[in-house]
Amino acid sequence: MTKSFLADTCQTTAPLVYTNNSTETTPDRESVKVVIYGSKRGVNNIILTLYKLGFAEVNEWSPLLPSSNPGEVMSILTRQIMTT
C-alpha cells in the first residue's frame, strides 16, 4: 500500500488537541470534525490505518452511520483544538 501523506509544512505554534467529545465551543477552543465516507470495509480500514499512524484511537470515532448515498456509511471524529 502506498502512503501519500503530506509533510507538515505549516510553521505555526503546535496547538494542543483535546479529544473531548463535547461540541461546545469556547473562545480559546474550536471544534474540528474529520469525516470518512465509504463502504463499511473501507471506512473501518481507514480508521485502523489512522490508529496505526497514531492519529486517533479507534474508539474516538463515531459508530458507522448511514450516509445519503445507498450502500455508503460514514464515521466522524471530533477534536477540540486551541485557537490562541
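Helices (H or I, at least four residues) and strands (E, at least two) are DSSP runs, numbered from the N terminus. With the elements assigned in this way, T26 has its place in the loop between β1 and β2, and the protein as a whole holds 1 helix and 4 strands, which follow one another along the sequence in the pattern β-β-α-β-β. This is a predicted model, in which local features need pLDDT of at least 70 and side-chain atom pairs count only at pLDDT 80 or more, while totals for chains, interfaces and linings use all residues. Residues are numbered from 1 along each chain as its sequence is written, and side-chain values use heavy atoms, with hydrogens and water left out.

**Confidence**

- The average pLDDT (the predictor's confidence in each residue, from 0 to 100) is 80 for the protein, and 70% of the residues score at least 70.
- Confidence is lowest in strand β1 (residues 17–18), where the mean is 46, and highest in α1, where it is 98.
- Over residues 1–19 the pLDDT is below 50, and in the model this stretch has 16 contacts beyond near neighbours in sequence, a contact being heavy atoms within 4.5 Å.

**Burial and surface**

- Of the protein's 84 residues, 20% count as buried, where buried means under 20% relative accessible area, exposed means over 50%, and partly exposed lies in between (1.4 Å probe, protein chains only).
- The accessible surface comes to about 6500 Å², of which carbon and sulfur atoms hold 56%; such areas come from the Shrake-Rupley method with a 1.4 Å probe, and for residues only the protein chains shown count as cover.
- A nonpolar surface patch is formed by L48, Y51 and V58, which together have about 260 Å² of accessible area; patches are made of residues with over 30% relative accessible area and no salt bridge, like charges being joined within 9 Å and nonpolar side chains (Val, Leu, Ile, Met, Phe, Trp, Tyr) within 5 Å.
- V58, which lies in the loop between α1 (40–52) and β3 (65–66), is partly exposed at a relative accessible area of 38%.

**Nonpolar core**

- The largest nonpolar core has 8 residues in all, namely I36, V43, I47, L50, A56, W61, V73 and L77; a core of this kind is a set of buried Ala, Val, Leu, Ile, Met, Phe, Trp, Tyr and Cys residues joined through side-chain atoms within 4.5 Å.
- At least two residues of this core come from each of α1 and β4, and α1 gives the most, with 3 residues.

**Links across the sequence**

- Among contacts between residues at least 6 apart in sequence, 61% join residues at least 24 apart.
- The C-alpha atoms of I36 and L77 are separated by 8.7 Å, although these residues are 41 apart along the chain.
- T26, partly exposed at 23% relative accessibility, is 54 residues from Q80 in sequence and 9.8 Å from Q80 in space, C-alpha to C-alpha.

**Salt bridge**

- The count comes to 1 salt bridge, defined as a side-chain nitrogen of Lys or Arg within 4 Å of a carboxyl oxygen of Asp or Glu.
- E60 forms a salt bridge with R79, with the closest N and O atoms 3.4 Å apart, and the pair links distant parts of the chain, E60 being in the loop between α1 and β3 and R79 in strand β4 (residues 73–82), 19 residues apart.
- Both E60 and R79 are buried.
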